[in-house]
Amino acid sequence: MSLAKKIAERHQANRRQIEVVEWGDDDSPLVMYCGALTCGDVSRLQRKHANFLSNPTIDAMVDLILAKAEDKNGEKIFTLEDKP
């Protein structure tokens, strides 16, 4: 197995699980997953929001959530259409 595949698998295995009771259906919470913030994530955010690290705006934080929130299978759960 290549080093890149090992890193990708480790990144996937180290995702954090977040339960949001208010967004769930019936009596079960919505369960979201997210991985660690990577250099690539920061780079993309910095291109769109120049002062992201020193002055994170609400708009930038929403973009971060859009980029990082995933379902159990690693698929993005929000799209740009959800941003408003």
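At what angle do the axes of helix α2 and helix α3 cross, and within what distance do they come? In this predicted model, local features require pLDDT of at least 70 and side-chain atom pairs count only at pLDDT 80 or more, while totals for chains, interfaces and linings use all residues. Residues are numbered from 1 along each chain as its sequence is written, and side-chain values use heavy atoms, with hydrogens and water left out.

The axes of α2 (residues 39–48) and α3 (residues 58–68) cross at roughly 145° and come within 11 Å. Helices are DSSP runs of H or I with at least four residues, numbered from the N terminus; axes are lines fitted to C-alpha atoms over the stretch in contact, with angles from 0 to 180 degrees between N-to-C directions. In the contact (heavy atoms within 4.5 Å), Asp41, Leu45 and Lys48 of α2 meet Ala60, Asp63, Leu64 and Lys68 of α3. These residues divide into three nonpolar, no polar and four charged.

Asp41, Val42 and Leu45 are the buried residues of α2 (under 20% relative accessible area, 1.4 Å probe, protein chains only; exposed means over 50%). They line one face of the helix, because their directions fall within an arc of 95° seen down the axis of α2, the directions being those from the helix axis to the C-beta atoms. The buried residues of α2 pack against α3, whereas the face turned away from the buried side carries the exposed residues Cys39 and Arg47.

Glu70, in the segment after α3, counts as buried at 13% relative accessibility. Beyond four places in sequence, Glu70 touches Arg15, Met32, Tyr33, Glu75, Lys76 and Ile77.

How values were computed: Helix = DSSP H or I, 4+ residues; strand = E, 2+ residues; numbered from the N terminus. Nonpolar A, V, L, I, M, F, W, Y, C, P; charged D, E, K, R; others polar.
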